[in-house]
Amino acid sequence: MSDSNITDFTNPSIFILQGIPGLEVAHVWISIPFCTIYTIAILGNFTILFIVKTEPSLHEPMYYFLCMLAITDLLLSTSMLPKMLSIFWFNSREISFSACLTQMYFIHCFIEMESGILVAMALDRYVAICHPLRYSTILTNPIVAKIVLAVVLRGGTVVLPYPLLARQWPYCTNNIISQPYCAHMAVVSLACADTHISSYYGLFVIFCMKGLDMFFIAVSYIQILRAIFSLPTKDAQIKTFGTCISHLFVILGFYIPRLFFSLMYRFSQNVPGHFHILIASVYHLMPPLLNPIIYGVRTKQIRDRLLQLFTHSGA
């Protein structure tokens, strides 16, 4: 394997994923929380999908978007965790060049899709609170389908330059990726060419695409808050704002850590590598873990249906 680590090549046949560098002896122990996160994420998101599918009263735009979020979370965690666990458990570190670029594409694709879905959910809350009488006529099923299609297409196209650019760079120093998965900048940093275009495009996606998403969400919630504060009673204000709490928690858990760690990866000099990689890996997987928990606890219709299922199964 040493011969494949440092050599001269244009496109390597394989990359070597190191897992968590510096913590290799603890990989088995590190795998326990990651395996737990994956298990809970799978069960939680499938539970959301099952409840929405089997409960006719939940066949509304808000829950359609929630299902789309659950599907995206399932795909995001599945694009990362199986390979990570194979590294931790079986020391299976090799990944082909094409498979690495494919994993890179899908990880970032699902992250962008999740950002777009959060914008769609903010739109849903805006229409429901600011235009309640027109809700069913504005967010019809065809409109919801078009929004979902737009989110998927945007997520798939905006990250397409990542693997296309990465494929064209020459790799002539080493093929060791100091991470347990093929992240964009982790792969590009191995190239022995001027890769500023890849770095600049990655920053463009962070600041322009996610920045635009956050702008639309902020505008939606400014209008929502104006509508809430115009309600005549305190109880009505609290009740209406309560319908947005789950979405706000999900937004904070998605954007703030990702923005922080994306910038830290590019600009930090004194952060230990294993700390950054470990925490970044956890934060990539926190939305798939937390989203179904947040919506299951905070959304009364889902919570009631879940309790009903457990009550019937217990009986």
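Reader: Let's start with W89. Is W89 buried, exposed or partly exposed?
Author: This is a predicted model, and in it W89 has 42% relative accessibility. That falls between the cut-offs of 20% and 50%, so W89 counts as partly exposed.

Reader: Thanks! And F90, buried or exposed?
Author: F90 counts as exposed, because its relative accessibility is 64%.

Reader: What kind of aromatic pair do W89 and F90 form?
Author: An edge-to-face one. The ring centres of W89 and F90 are 6.3 Å apart, with 80 degrees between the planes.

Reader: How many aromatic pairs are there by this rule?
Author: The count is 11. One of the ring groups is a cluster in which F15, F97 and Y171 are linked by ring pairs.

Reader: What about F106 and F110, how are those rings arranged?
Author: F106 and F110 are stacked, at 5.7 Å centre to centre and with 25 degrees between the planes. Both residues belong to helix α4 and sit four residues apart, about one turn of the helix.

Reader: And which of those is buried?
Author: F110 is buried, with 9% relative accessibility. F106 is partly exposed, at a relative accessible area of 34%.

Reader: What is the phi of N91?
Author: About 55 degrees, a positive value, although N91 is not a glycine. Most residues other than glycine have a negative phi.

Reader: Now the sheet, please. What is its strand order?
Author: The order is β2-β1-β3, in an open sheet of three strands with mixed pairing.

Reader: Why is one side of β2 and of β3 left without a neighbour in the sheet?
Author: Because β2 (94-96) and β3 (176-177) stand at the edges, and each has a single partner strand.

Reader: How many bridges join β1 to β2?
Author: Three, and the two strands run antiparallel; β1 covers residues 14-17. In one of the pairings, I16 has E94 in β2 as its bridge partner.

Reader: Which helix packs on the sheet?
Author: Helix α4, residues 97-130, which touches β1, β2 and β3. The direction of α4 makes about 85 degrees with that of β2.

Reader: Changing topic: is N45 buried or exposed?
Author: N45 is buried, at 2% relative accessibility. N45 has its place in helix α2, residues 27-54.

Reader: What does the side chain of N45 reach?
Author: The backbone oxygen of P288, at 3.0 Å. Leaving aside neighbours within four places in sequence, N45 is in contact with A70, D73, L74, P288 and P292.

Reader: Before I set anything up, what pLDDT does the chain average?
Author: The protein chain averages 87, and 90% of the residues score at least 70.

Reader: Which elements have the lowest and highest mean pLDDT?
Author: Helix α1 (residues 2-5) has the lowest, 46, and helix α6 (residues 141-158) the highest, 96.

Reader: And where does pLDDT stay under 50?
Author: Over residues 1-8. For that stretch the model has 14 contacts beyond four places in sequence.

Key: Residues numbered from 1 in each chain as written. Heavy atoms only, no water. Pairing = 2+ DSSP bridges. Contact = heavy atoms within 4.5 Å. Axes fitted to C-alpha atoms, helices over the stretch in contact; angles between N-to-C directions. Phe/Tyr/Trp six-rings, centres within 6.5 Å; stacked < 30°, edge-to-face > 60°. Buried < 20%, exposed > 50% of the residue type's maximum accessible area, 1.4 Å probe, protein only. Polar contact = N/O pair within 3.5 Å; in protein donor to acceptor, adjacent residues only side chain to side chain. pLDDT = per-residue confidence, 0-100.
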